[in-house]
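This briefing is a guide to reading one protein model. Keep the sequence and the 3D view side by side while working through the points.

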Amino acid sequence: MISEAELMQLSFPDAPHMLTAVPGPKVQALMAESAKYEAFTRGGGGFPVILEYGKGATVKDADGNLYIDMAAGVAVNAVGRGHPKVLDAIRRQSTLIMHTTDITNPKRIELAKKISGIMPEGLRGDCHTSFFQAGSDAVETAIKFARRHTGRTQILAFHGAYHGVWCGTTALTTGYNYRHGWGPLIAGVQHLPYAYCYRCPFNMTYPSCDVQCGKYVDHVLNTPYTAADDVAAVIVESQQGEGGYVAPPPEFFQLIREACDKYGCLYVADEVQSGAGRTGKMWCIEHYGVKPDMVTWGKGMGGDIPMAGLTYRADIEKSLVEGSQPSTFAGNALACEVCMTNIDIITDPEADLLGRATALGEEIKGRFLDAMSHVKCIGDVRGRGLMIGVEVVADRKTKEPLGPAKCGEIALKLLNRGVIMTPCGRYGNVFRFMPPLTVPREYAIKATDILIDILREY
Ligand SMILES: Cc1ncc(COP(=O)(O)O)c(C=O)c1O
């Protein structure tokens, strides 16, 4: 396993180190400039940090404040920022060729082959990949390919889902802000309850619930009069991301797979956030032994250079039409070379970043679980590997979420103590750990203890 000393070399030393209150004067000036010229629909809204330098699991803002990065650009910098091997790949490839349009290039062919070798069972060695720049592009295309392959139109998705906010994906995504006022959204999407055990929509408890949420998918797909009579695909995040870092029990995805098989529709695993080693396996669905028909991926696969894709069963290719889904920037040779480098770093058996993510994730969760004895606002601690959610509540008995003002206050206190963490969840009350897989243990534990210390006040 890679040593802590080697990992520390990849990040700035002595983090966190704060020079100003957040936001500092330079960040404030940049935010004012951004407000004048950029669209304020951008992600992050008023997030008071503007990054100027990044190294490994640490970042500096424009005022020189040095943070421990528990957000990794929303699970994007899986190998950390500016990894030396990634910088080498950029230097190497940028002198050869970068943009080649969708007519492919040797690096892209090599990457498609590599992706085929690392896909979950069911796709591994027998799949094709369509390349894109963003996860949303991959999900948009999954909808189209599933429709074309099955000759059907409807899609089932889940409560709490986030699959992107383009014209197709917005209909799958459930957040009010993302949907309201943008209609009409694409027709034929039904949402079902996700296995959110902490807030079970059936008010039951696992395992005595017998995983009713999973069984409900079979009910909707395979009983008359549910209006799910033309379903092309079920799309589901293997661990819910924006919806609150929700990790379902093992049977949930197995039941969905069985329901899809019985009905004859496709199972699309959205691994945009949970993939690229984040949960301690290359793909989160591998924890469940379920074989998807399609996988959408992005974020951590590209890291510092945008890259995303849709990988699907090879036989689906027969239903598609040559040249019918072009994308100008897709499979840029530089992005492909970087993606292959990221895969090599993540899957390197000697460094064992995956095993390390599992062990470190358990240690972090253990610290929060121990803290529950004296920090009364911690309601739930969940997740796998370095995809951990801490859900905070005003009242542990009623599970009333801690309100938005207090959650915002906590996020700001974290920043002022040098920890970048972006909350998520249906109520915005889930503090999530999604650091680079290369985060030094010392930094991960420091960030954990800072959050626990802040939560003590609530
Ligand atoms: C599970 C999931 N799918 C799709 C997307 C959309 O990806 P992008 O923002 O790269 O378009 C996201 C983004 O957060 C995501 O978490």
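This is a predicted model: local features need pLDDT of at least 70, side-chain atom pairs count only at pLDDT 80 or more; totals for chains, interfaces and linings use all residues.

Residues are numbered from 1 along each chain as its sequence is written.

**Domains**

- The protein chain is assigned domain 1 (4-70 + 352-455) and domain 2 (87-347); such bounds come from an automatic or database domain assignment.
- The C-alpha centres of domain 1 and domain 2 are 26 Å apart.
- Between the domains, 24 residues of domain 1 are in contact with 20 residues of domain 2, where contact means that the C-beta atoms, placed from the backbone, lie within 7 Å.
- On the side of domain 1 that touches domain 2, at least two residues each come from α11 (353-371), β11 (378-384), β12 (387-395) and β15 (430-433). Helices (H or I, at least four residues) and strands (E, at least two) are DSSP runs, numbered from the N terminus.
- That side of domain 1 has 10 nonpolar, seven polar and seven charged residues. Ala, Val, Leu, Ile, Met, Phe, Trp, Tyr, Cys and Pro count as nonpolar, Asp, Glu, Lys and Arg as charged, and the others, Gly among them, as polar.

**Helix packing**

- Two packed helices are described by the angle between their axes and the distance between the axes. Axes are lines fitted to C-alpha atoms, for helices over the stretch in contact, and angles run from 0 to 180 degrees between N-to-C directions.
- Angles under 35 degrees count as roughly parallel, over 145 as roughly antiparallel, 65 to 115 as roughly perpendicular and the rest as oblique.
- Helix α4 (residues 84-94) packs against helix α10 (residues 333-347) at about 150°, with the axes 9 Å apart. This makes α4 roughly antiparallel to α10.
- The contact of α4 with α10 includes Ala 89 and Ile 90 of α4 and Val 338 and Thr 341 of α10. Its residues are seven nonpolar, four polar and three charged.
- Helix α12 (residues 404-416) and helix α13 (residues 441-455) pack at about 135°, with axes 10 Å apart. This makes α12 oblique to α13.
- Ile 410, Lys 413 and Leu 414 of α12 meet Ile 450, Leu 451 and Ile 454 of α13. The contact has five nonpolar residues, no polar ones and one charged.
- α11 and α13 pack at an angle of about 20°, and their axes are 10 Å apart. The two helices are therefore roughly parallel to each other.
- Among the residues that meet are Leu 360 and Phe 368 in α11 and Ala 444 and Ile 452 in α13. By class, this contact has six nonpolar, one polar and two charged residues.

**Ligand shell**

- Of the 15 residues around the ligand, Ala 134, Gly 135, Ser 136, Val 272 and Gln 273 come nearest. A residue counts as near if its C-beta atom, placed from the backbone, lies within 6 Å.
- Helix α6 (residues 135-150) gives the largest share of this shell, three residues.
- The shell has five nonpolar, seven polar and three charged residues.

**Backbone**

- A cis peptide bond joins Ala 15 to Pro 16, with omega about -5°. Pro 16 is in the loop between α1 (4-10) and α2 (25-37).
- Gly 183 and Pro 184 are also joined by a cis peptide bond, with omega about 0°. Pro 184 is in the loop between α7 (176-179) and β6 (189-192).
- Ala 227 has phi near 70°, a positive value in a residue other than glycine. Ala 227 lies in the loop between α8 (212-222) and β7 (231-237).

Methods: Two residues are in contact if their C-beta atoms, placed from the backbone, lie within 7 Å.
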